[in-house]
Amino acid sequence: MKKISMITAAAMACMQATAQQLPEKTEPKLTISGYAEAYYVFDFNKPEDHSRPGFLYNHARHNELNINLAMLKANYSADRVRGNVAIMAGTYAQYNMASEQELVRHIYEANAGVRIGKGLWVDAGILPSHIGFESAIGKDNFTLTRSLMAENSPYYEAGAKISWTPNDKWYFAAMYLNGWQRIKRPDANQTPGFGSQITYKPTGKVTLNWSTFIGNDKPDSVRQMRYFSDLYGTFALTGKLSLIAGLDIGAEKKGKDVDGMNAWFAPILIARYAFTDKIAMAGRYEYYNDADGVIIATGTPNGFRTSGYSLNLDVSPVSQVMFRLEGKLYNSKDDIFLKGEQPRKENFSIATSLAFSF
């Protein structure tokens, strides 16, 4: 009996040790969430058609109460499979999806994934962009409005992604894409796009990210390869003060049979201070230099060379609601803005928003 007891105890110890070594399985879970953001922007250049500058895709209407984004999302996650489906409406969808087929203009996200190894996933479908630290979901960003670099780089992408998370510090991903923010590939374009992403979190207070894109976004007959790099870091300097610093650099071939590249770049710095868990303030400085008009064409001698300054106040009376107020100034090297019929170098606006999520 003593031997049997010893063998039984040893077997139980081995089973416990084995169980501790095996990864815990994720119980299947279906989550329904929603987000809605109403906004009002007053542009002091007073555009008669109520349309704000064409390089803006969020909060793009002047002097009218509107919805930037209303979204309903279903997320399913299990040990080996996962998926997301989200539908949307609002002026973000109206402006940002204008080049897509009408049937998909209200799809925010639609993708499925399967785990093929430890921390190794393959996902395919319409995915959130792997570029940048901002999304159209306003409550997740430091500022009410989006930055110039966010507005003029992809918010979404269509294709397939393989990602690997070896531990809680590193994340690696590679993408096969239909193009630069494309669901529908441009006509006469058979050239795929490729992306990559590396994220490093040395501590719980620091995140460093490097994302890239390579591809041709035009018909193959005029192929102009685009090369893009997005580098940013987020830093929780104290319990109240946080900082985001980023730099986008891009280059595109001047022409299929033309030597040389057209380049653009955009640095940004955002600081946020939380007075309490309900009140916070953020300030932003940004600069966007696209002298050759690759992304933002102006037809002016110096192209798009614009600085941006903003200051916003956030109030969250309850965790599901956020009220925001923001003042923002753009200052350009050329007269790229209009007030009536008068060209101007400046554009000043005041924006408010009220967001609800569940």
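Predicted model: local features only at pLDDT ≥ 70, side-chain atom pairs only at ≥ 80, totals over all residues.

Reader: Thanks! Why is isoleucine 214 called partly exposed?

Author: Its relative accessible area is 38%. Buried means under 20% and exposed means over 50%, so isoleucine 214, at 38%, falls in between and is partly exposed.

Reader: And where does isoleucine 214 sit among the strands?

Author: Isoleucine 214 belongs to strand S9, which covers residues 206–216.

Reader: What makes a residue a contact of isoleucine 214?

Author: Heavy atoms of the two must lie within 4.5 Å. Setting aside neighbours within four places in sequence, Pro192, Gly193, Phe194, Met225, Arg226 and Tyr227 are in contact with isoleucine 214. As for leucine 177, which is 37 residues away along the chain, its C-alpha atom is 9.6 Å from that of isoleucine 214.

Reader: Turning to the whole protein, what percentage of the residues is buried?

Author: Of the 358 residues, 42% are buried, each with a relative accessible area under 20%. The protein exposes about 18400 Å², and carbon and sulfur atoms supply 62% of that area.

Reader: How far apart are the mean positions of the positive and negative charges?

Author: They are 8 Å apart, for 39 positive and 35 negative charges. The C-alpha atoms, for their part, fill a box of roughly 100 × 55 × 40 Å along the principal axes.

Notes: Residues numbered from 1 in each chain as written. Heavy atoms only, no water. Buried < 20%, exposed > 50% of the residue type's maximum accessible area, 1.4 Å probe, protein only. Areas by Shrake-Rupley, 256 points an atom, 1.4 Å probe, with all protein chains shown as cover. Lys, Arg positive; Asp, Glu negative; His and termini not counted. Charge placed at Lys NZ, Arg CZ, Asp CG, Glu CD. Helix = DSSP H or I, 4+ residues; strand = E, 2+ residues; numbered from the N terminus.
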